[in-house]
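Subject: Structure handover

Hi,

Here is the structure we discussed. My notes follow below it.

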Amino acid sequence: MSAMRFGGMVVLAGSVLLSACVPNGVYVDPFNPWGTPTYPPATPVPVTYVDVFKYQGSRQCEGGGTPLAEMQRQLQAGGAIVTSSSCGMDGRMYPAFCGGADGKLNIFTISSNSMNAALAQGFTPLTNLPEAQKTSCYNAPASTGTSTSTSTTYPYTGGNNSSYYSYQ
């Protein structure tokens, strides 16, 4: 065997043996191969947000249900990160009778990492209700004193219902 072939095989065997010394996943700087190993910079994971909802449980003529703030506390106690909350309607039509469902929702915007915690507590992604709309939680009129409208809003005082009726 010639010296040239023998030298080539020694270099090849040496590189194979030395490559086994590098731990998996470690980035070795080619300008400092025997220095302290460094890891490649981590790429940040973008934070995404999703809307989830749960029915308030209120009924026509009776009101009731779980208030938005209380449901938010329950969701956060389960480990979800809530960034915003609002009330809503499911967009469905309901027959008008006392004790019937009214379609009121509590809607929360959470980080996508919190989705499993929300699902475990009975929340549903808002994308499952495409006709749902976010609404104001309080339908009371703003008293600015500059309104020239002839419409007057009166609160309905029966039971725990917080709905309002407008008369012209």
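A disulfide here is a pair of cysteine sulfur atoms within 2.5 Å. This is a predicted model: local features need pLDDT of at least 70, side-chain atom pairs count only at pLDDT 80 or more, and totals for chains, interfaces and linings use all residues. Numbering starts from 1 along each chain as its sequence is written, and side-chain values use heavy atoms, with hydrogens and water left out.

The structure has two disulfides. Counting bonded cysteines along the chain, the pattern is 1-3, 2-4.

Cys 87 bonds to Cys 137, S to S 2.1 Å. The S-S torsion is about 110°, so this disulfide is right-handed. It links distant parts of the chain, 50 residues apart: Cys 87 is in strand β2, Cys 137 in the loop between β5 (133-135) and β6 (152-155). Helices (H or I, at least four residues) and strands (E, at least two) are DSSP runs, numbered from the N terminus. Cys 87 is buried at 8% relative accessibility; Cys 137 is partly exposed at 29%. Buried means under 20% relative accessible area, exposed over 50%, partly exposed in between (1.4 Å probe, protein chains only).

Cys 61 bonds to Cys 98, also S to S 2.1 Å. The torsion is about -65°, so this one is left-handed. Cys 61 is partly exposed at 33%. Cys 98 is exposed at 55%.

One more site. Pro 125 sits in strand β4 (residues 124-125). Phe 53 is 72 residues away in sequence, yet 6.4 Å away C-alpha to C-alpha. Beyond four places in sequence, Pro 125 contacts Asp 51, Val 52, Phe 53, Met 115 and Leu 119. Contact means heavy atoms within 4.5 Å.

Best wishes
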